[in-house]
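Here are my notes on the chain you sent over. Please read them with the coordinates open.

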Amino acid sequence: QVQLVESGGGLVQAGGSLSLSCAASGRTISRDVVGWFRQAPGKEREFVAAISRSGGRTDYTDSVKGRFTISRDNAKNTVYLQMHSLKPEDTAVYYCAADDRRPLRTVLAGKRAADFSSWGQGTQVTVSS
């Protein structure tokens, strides 16, 4: 199982930007579909974005389209989430997740946390108004 560590979270004013990283270890992450999820206090964990194994396909939840970009560098075993035009409602703990078993179409069809087998510990993103 791959180990994932998120970094890059912090406090930013509304309209600002942050860049999150998800560093993988234990094996290559090139075998995995990778997703970002977030969980705000009192709310369920929700899908944010996902990227295919090659990086050629991405998908986003509607609320972040045009503001967030997911990318990956398999040579560095790292996946990124660039976040721009941040809003207070983006405040949450952001989690990186990976799965090397399911087809991409299955993962993107459901966008479910249960479809990902490996998880990081999360990084806090706080957007002040």
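Predicted model: local features only at pLDDT ≥ 70, side-chain atom pairs only at ≥ 80, totals over all residues.

1. The turn between β7 and β8. How many residues lie between the strands of this hairpin? There are four, and asparagine 77 takes a positive phi near 55 degrees in the hairpin. As background, most residues other than glycine have a negative phi.

2. Further positive phi values. Serine 85 is not a glycine, yet its phi is positive, at about 50 degrees. This serine is placed in the loop between β8 and β9. Its relative accessibility is 41%, so serine 85 counts as partly exposed. Lysine 111, also a residue other than glycine, has a positive phi near 50 degrees. The loop that holds lysine 111 runs between α1 (104-110) and β10. With a relative accessibility of 28%, lysine 111 counts as partly exposed. When you check the backbone, please look at serine 85 and lysine 111.

3. The disulfide. The count of disulfides comes to one. The bond joins cysteine 22 and cysteine 96, whose sulfur atoms are 2.0 Å apart. The link is left-handed, with -70 degrees about the S-S bond. Cysteine 22 belongs to strand β3 (residues 18-25) and cysteine 96 to strand β9 (residues 92-99); the pair links distant parts of the chain, 74 residues apart. Are these cysteines buried or exposed? Both cysteine 22 and cysteine 96 are buried.

4. Aromatic pairs. The structure holds five aromatic pairs. One of them joins phenylalanine 37 and tryptophan 119, with 5.1 Å centre to centre and 55 degrees between the planes, a tilted arrangement. Phenylalanine 37 is in strand β4 (residues 33-39) and tryptophan 119 in strand β10 (residues 118-119), so this pair ties together parts that are 82 residues apart in sequence. Phenylalanine 116 also pairs with tryptophan 119, here edge-to-face, at 6.4 Å centre to centre and 70 degrees between the planes.

5. Burial within the aromatic group. Ring pairs link Phe37, Phe47, Tyr95, Phe116 and Trp119 into a cluster. Which side of the 20% limit for buried residues do its members fall on? Phenylalanine 37 has a relative accessible area of 1% and is therefore buried. Phenylalanine 116, at 4%, is buried as well. Tryptophan 119 has a relative accessible area of 25%, so this residue is partly exposed.

6. Arginine 45 and the rings. Arginine 45 lies over the face of tyrosine 95, at 3.8 Å from the ring centre. The charged end of arginine 45 also sits over the ring of tryptophan 119, at 4.9 Å from its centre.

7. The chain as a whole. The protein has one helix and 11 strands, and along the sequence they follow the pattern β-β-β-β-β-β-β-β-β-α-β-β. A compact globule with 129 residues would have a radius of gyration near 14 Å, and the 13 Å of this protein agrees with that. Along the principal axes, the C-alpha atoms fill a box of roughly 40 × 30 × 25 Å. Buried residues account for 44% of the 129 residues.

Note on methods. Residues numbered from 1 in each chain as written. Heavy atoms only, no water. Pairing = 2+ DSSP bridges. Helix = DSSP H or I, 4+ residues; strand = E, 2+ residues; numbered from the N terminus. Phe/Tyr/Trp six-rings, centres within 6.5 Å; stacked < 30°, edge-to-face > 60°. Buried < 20%, exposed > 50% of the residue type's maximum accessible area, 1.4 Å probe, protein only. Lys NZ or Arg CZ within 6 Å of the ring centre and 35° of its normal. Disulfide = S-S within 2.5 Å. Rg over C-alpha atoms; globule rule 2.2 N^0.38 Å.
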